[in-house]
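Colleague: I would like a close look at one part of this model, namely its pockets. Please keep to what the atoms give.

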Amino acid sequence: MTRLFLCLLMLCTVATPAAAQAQMQAVRLDRLKVDVKRIEVDGQRMYEVDASGSVQAPPASVWKTLTTYERMHEFVPDLSSCRVLSRNGNEVIIEQQGMARFLFMNHAIHLVVRATETPFTAIDIALISGDMRHYESRWNLYPISETGGTRIVFSSRLMPGFYVPGMLGTTMIRGDIERMMAAVLARIDSQHADNS
């Protein structure tokens, strides 16, 4: 449902389904966990996402991948463009365009978000405008002292501004988050291997 929301998550060539599947297979599932549930907040139903995975790269390398927003479209599935509109200190305004796919339906998505960066530790993302009624997410980076790697945690609450089938929404979002997280982990692993 929201491969784009993941990138919001994160926030930047669109991967083909075959490429996304290959990325998923490249990332061992035992180091990727995704939980999605429907919740009610102030009388409105939305989805709550918790996802985590680990990589061998140190937090500084992970940070570089997650904050090079203009390159996210190169590896995040269904994200066609991501550009920085402005930067002021630790706040970055980002415009994203992509596609949400539901069964036989495609829905173009346009979002403008604010990313608030806490270097090497966290990125908080909040919706400014676009095709969502509610969107907030957070990336947290935790050093793994035993390996020198990083545990990456993504959490989000979102409510699309368009129809999502209630019974299937949780399953569709879980699949999209898994593909997004797998793509992020695979990109970080690849860059870390190239730099080692």
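By class, how many nonpolar, polar and charged residues does the lining of the second largest pocket have?

Modeller: The model is predicted, so local features need pLDDT of at least 70 and side-chain atom pairs count only at pLDDT 80 or more, while totals for chains, interfaces and linings use all residues. Residues are numbered from 1 along each chain as its sequence is written, and side-chain values use heavy atoms, with hydrogens and water left out.

The lining of the second largest pocket has seven nonpolar, one polar and three charged residues. Here Ala, Val, Leu, Ile, Met, Phe, Trp, Tyr, Cys and Pro count as nonpolar, Asp, Glu, Lys and Arg as charged, and the others, Gly among them, as polar. A pocket is an open set of points on a 1 Å grid over the protein atoms alone, where a 1.4 Å probe fits, with protein on both sides within 12 Å along at least five of seven lines; lining residues have an atom within 4 Å of a point.

Eleven residues line the second largest pocket, and Arg45, Tyr47, Arg133, Met159 and Val164 lie nearest its centre. Two elements, β2 (44-55) and β8 (149-160), each give two or more residues to this lining. Strands are DSSP runs of E, at least two residues, and helices are runs of H or I, at least four, numbered from the N terminus. The largest share, three residues, comes from β2. The space in this pocket is about 170 Å³, a volume being the space filled by probe spheres set on the points, which are joined across faces, edges and corners.

For reference, the largest pocket has a volume of about 260 Å³, and its lining has two nonpolar, six polar and three charged residues.
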